[in-house]
Amino acid sequence: MAWPFVELGKLISHRKEFIEISPDVTYARCRVQTSARGIVLRDRVAGSEIKTKKQQVCRTGEFLVAEIDAKMGGYGIVPPDLDGAIVSSHYFLFEVDERRLMRSFLEWYSRTPAFLEQIAARGSTNYASVRPANVLGYQVPLPSLDEQRRVVEKLDRVAALVDERRNAIEAAERETQALLLKAFQRAIDGAPLRPMAEVAPLVRRPVEIDSDAAYPELGVRSFGRGTFHKPELPGVEVGNKKLFRICSGDLVFNIVFAWEGAVAVAQPEDDGRVGSHRFLTCVPAPDTATVEFLRFYFSTSEGLQKLGEASPGGAGRNRTLGLKKLESLRVPVPPIGRQHWFDRLQAKAHEARTIRANTAQDVEALIPAMLHEIFDGGAKAA
């Protein structure tokens, strides 16, 4: 027999507990993560810094729902370490009747697509927020408490294994990066410093704009996360904007965010894409330097510091890497054979990262698969 479904309003009750904020007290504030990832500490702040002086108090085990972010999975069970933390009136708190519904069972079910679909369907039609009445109207499966306990124990065991595997993957990544840094230091030990203008001169390939054509743009992510493809830019929309062609193997700098590691090597699939004047492309002299060696250098603390010093100004878009400053940056240039040796290490590290990334995807897919099996498939056959 399939599990019966019951309105949440029969299992939870909306609770309000407001307090007056004291300027001399420090308060913990909750943050509701989206994608049903639960409730975490937002910050600890003095009452004098809190503008709205009436705040709600959270209690352990309550179901907390964000008025605006609920449709993006902004809800969860308040954990014990946030008992007594505060939230504004834009959040709703619900006590769970554990005589009929386990809090942890509700938390697991709230992570299913079926639950999120109800929020999207039953929210206000005028704007994106969700009201308490909407939450009380959601339907949840209600097996016996013994069955709920079995489901929770099963999912908790799998979640613990997933966390263990995730931590192992992250530890392996940190170890790989540490080994690469050691190898890099060994490679540049005693190497001379030479200006980028000599090692990897700036190469500009202006594009003649045809108003009837379209130009696929390339982007460079910060923090060394590589390139990405932007939508095609119609020639008629280019206007006075100058575009430059990018070729595979170029060392590409996003001059607006170079100071935070927006440096990448253009890949074969990037060949022929274009960038605005904000993207500088350098091509290493073949007998002097390799592009991957230089890219790695600019990902190190020393390389990032030099990019920061060459990008004067305030924060964000006010910090721009100067063309002349880039050309004058002095980089370590060990013998080319030593650079090739390090690049082979980088290639092996990349292969290991790819394997770990694929493993991580499989690990992260395990919980959603279990939720589907239990609440979509298993519940029907229960």
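Two strands are taken as paired if DSSP finds at least two bridges between them. The legends below apply this criterion to a predicted model.

**Figure 1. Open sheet of 3 strands in the order E17-E16-E19.** The pairing within this sheet is antiparallel. Strand E17 (263-265) and strand E19 (279-282) form the edges, each pairing on one side only. On average, neighbouring strands of the sheet are turned by 25 degrees against each other, direction ignored. Strand E16 (residues 251-254) is joined to E17 by 3 bridges, and the two run antiparallel. Within this pairing, Leu251 has Val265 in E17 as its bridge partner.

**Figure 2. Open sheet of 4 strands in the order E2-E10-E7-E8.** Here, too, the pairing is antiparallel. The edge positions belong to strand E2 (12-15) and strand E8 (75-77), each of which pairs on one side only. From one strand to the next, the twist averages 25 degrees. E2 and strand E10 (residues 91-96) run antiparallel and are joined by 4 bridges. His14 has Phe94 in E10 as its bridge partner.

**Figure 3. Aromatic pair of Trp3 and Phe105.** The structure holds 17 aromatic pairs. In the pair of Trp3 and Phe105, the ring centres are 6.1 Å apart and the planes stand at 65 degrees, so the arrangement is edge-to-face; the cut-off for this class is an angle over 60 degrees. Trp3 lies in the segment before strand E1 (5-7) and Phe105 in helix H1 (residues 103-109), so the contact ties together parts that are 102 residues apart in sequence. Trp3 counts as buried at 10% relative accessibility. Phe105 is likewise buried, with a relative accessible area of 1%.

Figure 4. One aromatic cluster is formed by Trp3, Phe63, Tyr75, Phe105, Tyr109, Phe115, Tyr138 and Phe375. The view therefore includes Trp3 and Phe105 as well as Phe63 and Phe115, since a pair is counted when the ring centres lie within 6.5 Å.

**Figure 5. Arg319, a buried residue without a salt bridge.** Arg319 is placed in the loop between helix H7 (301-309) and helix H8 (323-328). The nearest side chain of opposite charge is that of Glu260, 8.1 Å away, whereas a salt bridge requires a separation within 4 Å. Backbone oxygens supply polar neighbours for the Arg319 side chain: that of Gly308 lies 2.9 Å from one of its polar atoms, and that of Ser311 lies 3.1 Å from a polar atom of the side chain.

**Figure 6. Gly38 in the loop between strand E4 (26-32) and strand E5 (39-46).** Gly38 counts as buried, at 9% relative accessibility; the cut-off applied is under 20%. Gly38 and His229 are 191 residues apart along the chain, and their C-alpha atoms are separated by 32 Å.

Key. Residues are numbered from 1 along each chain as its sequence is written. This is a predicted model: local features need pLDDT of at least 70, side-chain atom pairs count only at pLDDT 80 or more; totals for chains, interfaces and linings use all residues. Side-chain values use heavy atoms; hydrogens and water are left out. Axes are lines fitted to C-alpha atoms, for helices over the stretch in contact, and angles run from 0 to 180 degrees between N-to-C directions. Buried means under 20% relative accessible area, exposed over 50%, partly exposed in between (1.4 Å probe, protein chains only). Lys and Arg count as positive and Asp and Glu as negative; His and the chain ends are not counted. A polar contact is a pair of N or O atoms within 3.5 Å; within protein, one must be able to donate a hydrogen and the other to accept it, and residues adjacent in sequence count only if both atoms are side-chain atoms. Rings of Phe, Tyr and Trp (its six-membered ring) pair if their centres lie within 6.5 Å; planes under 30 degrees apart count as stacked, over 60 as edge-to-face and the rest as tilted.
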